[in-house]
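Subject: Structure handover

Hello,

Here is the structure I promised to pass on. Please open it, then read the notes below.

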Amino acid sequence: MLDNIRVVLVNTSHTGNIGSTARAMKTMGLSNLWLVDPVSEPDSHSSALAAGATDVLGKAKIVSTLDEAIQGCRLVIATSARSRTLSWPTLDPRESGLKLIEEAKGGEVAIIFGRENNGLNNEELQKAHFHAIIPANPEYSSLNLAAAVQMLCYETRMAYLQQDSYEKKEEPYPLVDDMERFYQHLEETLTKTNFIVKNHPGQVMAKFRRLFNRARVESQELNILRGMLSSVDKIADKKDD
């Protein structure tokens with residue numbers, strides 16, 4: 001999924017920023033770097049600042065136009081440091097990360113970063129579905145290019161990890177109907193083994209309800225518990241015979 005996310009730098013002036021961007025990307029698991037008409041192509045200074053991310057730097061695609069860099073993308077988010085005269089749907093970094101991960105499931109997406117001195121122009125911004133605005137200190141909102149990339153990549157990774165955690169959730173929770181059947185089965189088994197005295201049951205079942213509700217067992221775990229009770233039932237029934 002992360003391979004479907006393109007980080008696009010437009011007309012970057014300093015080759016060191018390209019290297020720092022590669023490093024910022026790799027620390028967050030991203031590797032798809034596109035360079036649109038850089039003033040200078042990556043050089044030894046880029047490699048030095050990329051540190052251990054020279055693989056990301058080496059695979060960077062260099063194109064002449066922004067249209068080439070975003071071709072085939074199903075979602076494009078452009079970063080902007082200021083509001084424009086034309087209102088546009090905006091996202092903060094966290095919302096941007098969530099949106100990128102959501103759309104990356106189905107294909108390529110892109111997050112665009114502009115020039116160090118004046119960002120993206122209006123024509124470039126209008127090629128995006130959303131504008132991402134970092135809510136920096138209004139008295140000093142100037143962010144280094146690589147720092148901005150790092151922030152957006154971090155939020156994207158966090159969204160990815162949350163999504164991954166959700167998708168890998170082991171089992172859904174059982175319905176209340178299933179839990180009621182379990183409690184009934186538990187009471188019958190414990191009565192059968194004389195753990196619960198039928199005429200004087202006390203608060204045993206109420207306490208078991210509290211225990212299992214607090215534990216919030218999952219469906220698979222409930223099946224194991226029901227199977228355990230059934231094995232006890234078989235032994236108890238044989239003794240009765």
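Which helix gives the largest share of the lining of the largest pocket? Helix α7, residues 145-167, does, with three residues. Keep in mind that this is a predicted model.

**Largest pocket**

The space in the largest pocket comes to about 560 Å³. Its lining counts 24 residues. Nearest the centre of the largest pocket lie S80, A81, R115, S141 and L143. Sorted by class, the lining of the largest pocket holds eleven nonpolar, nine polar and four charged residues.

**Second largest pocket**

About 180 Å³ of space lies here, in the second largest pocket. Among the residues that line the second largest pocket are Y173, P174, Y183, F212 and R216. Two elements, α8 (176-192) and α9 (204-215), each give two or more residues to that lining. The largest share, four residues, comes from α8. By class, the second largest pocket is lined by eight nonpolar residues, one polar residue and three charged residues.

**Helix α5**

Helix α5 covers residues 93-104, which is twelve residues. At 1.5 Å a residue, α5 should span 16 Å. The end C-alpha atoms of α5 are 16 Å apart, so the two values agree.

Which residues of α5 are buried? They are P93, S96, G97, L100, I101, E103 and A104. An α-helix has 3.6 residues a turn, so residues three or four places apart point the same way. Look at the start of α5 too. There, a side-chain oxygen of D92 comes within 3.1 Å of the backbone nitrogen of R94.

Best wishes

Terms used: Residues numbered from 1 in each chain as written. Predicted model: local features only at pLDDT ≥ 70, side-chain atom pairs only at ≥ 80, totals over all residues. Heavy atoms only, no water. 1 Å grid on protein atoms, 1.4 Å probe; cavity = no way out; pocket = protein on both sides within 12 Å on 5 of 7 lines; lining within 4 Å. Points joined across faces, edges and corners; volume = space filled by probe spheres on them. Nonpolar A, V, L, I, M, F, W, Y, C, P; charged D, E, K, R; others polar. Expected span 1.5 Å × (residues − 1). Buried < 20%, exposed > 50% of the residue type's maximum accessible area, 1.4 Å probe, protein only. Polar contact = N/O pair within 3.5 Å; in protein donor to acceptor, adjacent residues only side chain to side chain.
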